[in-house]
Amino acid sequence: MRANRLLGAQLVEHNLVKIEDLESASEKFIEVVSSDQPRRCSILAVLAYEMKVIGEDSLLHHQVETDGLGLVDLRDYEIPDEVRKSTDIAACWATWSVPFDREEEFTFVATAYYMSPAVRAHWEKLLGGRVLWFGTTLDAIADYLEHLASQTSVSQTSPGLATAAK
């Protein structure tokens with residue numbers, strides 16, 4: 001909830017959405033939360049897909065221009081075992097962010113919620129502050145998490161199947 005609230009506030013502060021639209025989206029978001037559908041539990045999804053008051057492409061463009069954020073496409077990305085085993089899928093859904101790789105002391109995190117200070121603070125604290133941020137879409141995060149969850153459940157049920165799934 002906090003990640004969504006702070007993202008909404010930042011969208012208004014940066015003049016990407018109007019306060020009236022955010023208020024309306026917040027009401028719809030509360031309804032979505034009770035539906036127990038993680039793929040839809042996002043204030044950004046309500047604003048972008050239900051209300052169509054912001055486009056994810058324009059938000060990503062804004063973040064590239066304003067924050068120097070890199071972009072990543074997670075489709076067909078091979079999840080390293082080290083990352084897969086240590087990823088808290090519930091935290092990823094809650095923050096719309098996923099660690100997707102490690103290089104030396106840095107962890108690469110893709111997010112659709114970069115503008116939420118709560119999201120950045122959570123991951124930087126959890127990962128020791130050494131985070132390289134990349135923007136991506138809600139669908140990319142959701143697809144990645146569903147793929148990660150399926151790999152995790154396969155590896156937990158049978159080591160032979162996990163190897164075959166790779």
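Q: Where does Val 17 lie?
A: Val 17 sits in the loop between helix 1 and helix 2. Helices (H or I, at least four residues) and strands (E, at least two) are DSSP runs, numbered from the N terminus. This is a predicted model, where local features need pLDDT of at least 70, side-chain atom pairs count only at pLDDT 80 or more, and totals for chains, interfaces and linings use all residues. Residues are numbered from 1 along each chain as its sequence is written, and side-chain values use heavy atoms, with hydrogens and water left out.

Q: OK. Is Val 17 buried or exposed?
A: Val 17 counts as buried, at 7% relative accessibility. Buried means under 20% relative accessible area, exposed means over 50%, and partly exposed is in between (1.4 Å probe, protein chains only).

Q: What is Val 17 in contact with, leaving aside neighbours within four places in sequence?
A: Leu 11, Val 12, Leu 47, Val 53 and Ile 54. Contact means heavy atoms within 4.5 Å.

Q: Now Glu 13. Buried or exposed?
A: Glu 13 is exposed, with a relative accessible area of 58%. Its place is in helix 1.

Q: On to helix 2. Which residues are buried there?
A: Leu 22, Ala 25, Phe 29 and Val 32. Seen down the axis of helix 2, the buried residues fall within an arc of 70°, so they line one face. The arc is that of the directions from the helix axis to the C-beta atoms.

Q: What do they pack against?
A: The buried residues of helix 2 pack against helix 1 (2-13) and helix 3 (43-50).

Q: And which exposed residues are on the face turned away?
A: Glu 20, Glu 27 and Glu 31.

Q: In which sense do strand 1 and strand 4 pair, parallel or antiparallel?
A: Parallel, over 2 bridges; strand 4 is residues 131-135. Gly 70 stands opposite Phe 134 in strand 4.

Definitions and conventions. Two strands pair if DSSP finds at least two bridges between them.
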